[in-house]
Amino acid sequence: MAKKIPATVITGFLGAGKTSLIRHMIENANGKKLAFLINEFGDLGIDREMLLGCGIEGCTEDDIVELANGCICCTVADDFLPAIEGILDREDKPDHILIETSGLALPKPLVKAFNWPEVRAQVTVDGVITVVDSKAVKEGRFADDEDAVQAQREADENLDHENPLEEVFEDQLLCADMVVLNKADLLDGDEIREIESELAKSLRDGVRFLHASNAAVDPAILLGLEAAAEDDLDARPSHHDHHHDDDDDHDHDHDDHNHDEFDSFTVHLNLVEDADALEEKLINVVKAHDVLRVKGFLLRPNADRREVIQGVGPRFNRYFDRAWKDGEAKRSQLVVIGRKGLDRAAIEQAITA
Ligand SMILES: Nc1nc2c(ncn2[C@@H]2O[C@H](COP(=O)(O)OP(=O)(O)OP(=O)(O)O)[C@@H](O)[C@H]2O)c(=O)[nH]1
């Protein structure tokens, strides 16, 4: 029997550095033929676009397949299986498959999907890599309010989180084979070590930490873990286990799901004359509303390239990536992601004012 193709699942909360990690892997692939599945939250397909806009050799349209539904757990049959089968059916098979989950996805249902017979026969989960925004952890973004959680536990023992952010974050840690503590540049060594010992409590035994800035980790360390995670599901507890006893009876309308606690929409703008001013407005929006992530492309005057703008919490950055293509709608678009109940009208107004 032919050797199974290894697949690495890259998970981590919104803005942790998953796309940066994938980009670094493409740049340092060393001749390895990689294929990518990118799971997006929001309807613009920005992560895929950003990877394609990077201009790195060896990164072609065909190699980057987008899953547009954000929550892999509800779309395994409709979305994930056809996408991975598409990759497996190719004549020129990849040496390794990398899968980026959306920042709001629980990784376990995805790992579970590798037990589907069609997939299992050909692919194995080499490892689950969890990328962590160390700075956001330091700022307490994922921390529950301990008292509220305690009160909630007393009321209902099945519920142990008040905060859906923390629930997603914890699941991503519980599933990890390796954890990349990213954004090390924003913290000092002691702070990083503190976070490491704090997070270690949420990990399975033997899971290792790497520290990184801009997710610059040698792919040789990340790939080839040979974890066979699909055989090891019981060791990776998930909040999803409470929601579904059996994945087969999955319907698409659960209202008790983590991803239903989040919201996203797209804001369209025309030419952006003053990007600094826009960034300032966005920072104010993030401060005033429960916005977790903003990302998109800007149309700028006298520029033949589009400008990427993105923010995680209040930290924004911008750079020009690829030229606009012929026939492509030249306009500015931003995806805004936040907790459920975002005041879309007010946010749009604040951005477009
Ligand atoms: N200072 C700093 N910024 C970083 C680092 N890694 C990533 N970033 C920035 O953080 C932002 C998010 O990085 P991405 O790689 O897009 O994160 P992601 O996890 O793919 O984000 P989503 O797909 O939206 O969940 C970008 O603006 C990056 O430039 C880092 O190590 N240090």
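UniProt positions are given in the numbering used here, and its annotations may be inferred rather than shown by experiment. With that in mind, an unreviewed UniProt entry lists residues 266–351 as "domain: CobW C-terminal". What you have above is a predicted model, and the protein in it has 13 helices and 12 strands.

**Confidence**

- The mean pLDDT of the protein is 84, with 82% of its residues reaching 70 or more.
- Strand E6 (residues 178–182) has the highest confidence, at a mean of 97, while helix H7 (residues 146–155) has the lowest, at 61.
- Please take care with residues 244–257, where the pLDDT is below 50; beyond near neighbours in sequence, this stretch has 10 contacts in the model.
- Where pLDDT is low, the predicted coordinates should not be read in detail.
- For the model as a whole, the scores are ipTM 0.99 and pTM 0.87.

**Domains and overall fold**

- Where the two domains meet, 15 residues of domain 1 are in contact with 15 residues of domain 2.
- On the domain 1 side of that meeting, the residues divide into 8 nonpolar, 4 polar and 3 charged.
- The span that UniProt lists, 266–351, is 26% helix and 43% strand, and its end C-alpha atoms lie 12 Å apart.
- Of the 353 residues in the protein, 41% are buried.
- Among contacts between residues at least 6 apart in sequence, 79% join residues at least 24 apart.

**Around the ligand**

- The ligand has 21 residues around it, and Gly17, Lys18, Thr19, Ser20 and Gly103 come nearest.
- Helix H1 (18–27) and strand E10 (305–312) are the elements that give two or more residues to this shell, and H1 has the largest share, with 3 residues.
- Both domains take part, as the shell draws at least three residues from each of domain 1 and domain 2.
- By class, the shell comprises 11 polar, 5 nonpolar and 5 charged residues.

- H1 is mostly covered, with 7 of its 10 residues buried; among them are Lys18 and Thr19, two of the residues that come nearest to the ligand.
- Leu21 and His24 of H1 are buried too, and both are in contact with Ala215.
- Ala215 is found in the loop between strand E7 (208–211) and helix H10 (219–222).
- Ala215 counts as buried because 24 other C-beta atoms lie within 10 Å, and 20 or more are needed for that label.
- Beyond its neighbours within four places in sequence, Ala215 has contacts that include Gly17, Ser20, Val131, Val180 and Asn182.
- Ala215 and Ile97 are 118 residues apart in sequence and 18 Å apart in space, C-alpha to C-alpha.

**Two loop residues with positive phi**

- Glu226 has a phi near 50°, a positive value in a residue other than glycine.
- Glu226 has its place in the loop between H10 and helix H11 (240–243); with 11 other C-beta atoms within 10 Å, Glu226 is exposed, because the label applies at 12 or fewer.
- Asn302 is not a glycine either, yet has a positive phi of about 55°.
- Asn302 is found in the loop between strand E9 (291–298) and E10, and is exposed, with 4 other C-beta atoms within 10 Å.

Key. Residues numbered from 1 in each chain as written. Predicted model: local features only at pLDDT ≥ 70, side-chain atom pairs only at ≥ 80, totals over all residues. Contact = placed C-beta atoms within 7 Å. Nonpolar A, V, L, I, M, F, W, Y, C, P; charged D, E, K, R; others polar. pLDDT = per-residue confidence, 0-100. Helix = DSSP H or I, 4+ residues; strand = E, 2+ residues; numbered from the N terminus. Near = placed C-beta within 6 Å. Domains from an automatic or database assignment.
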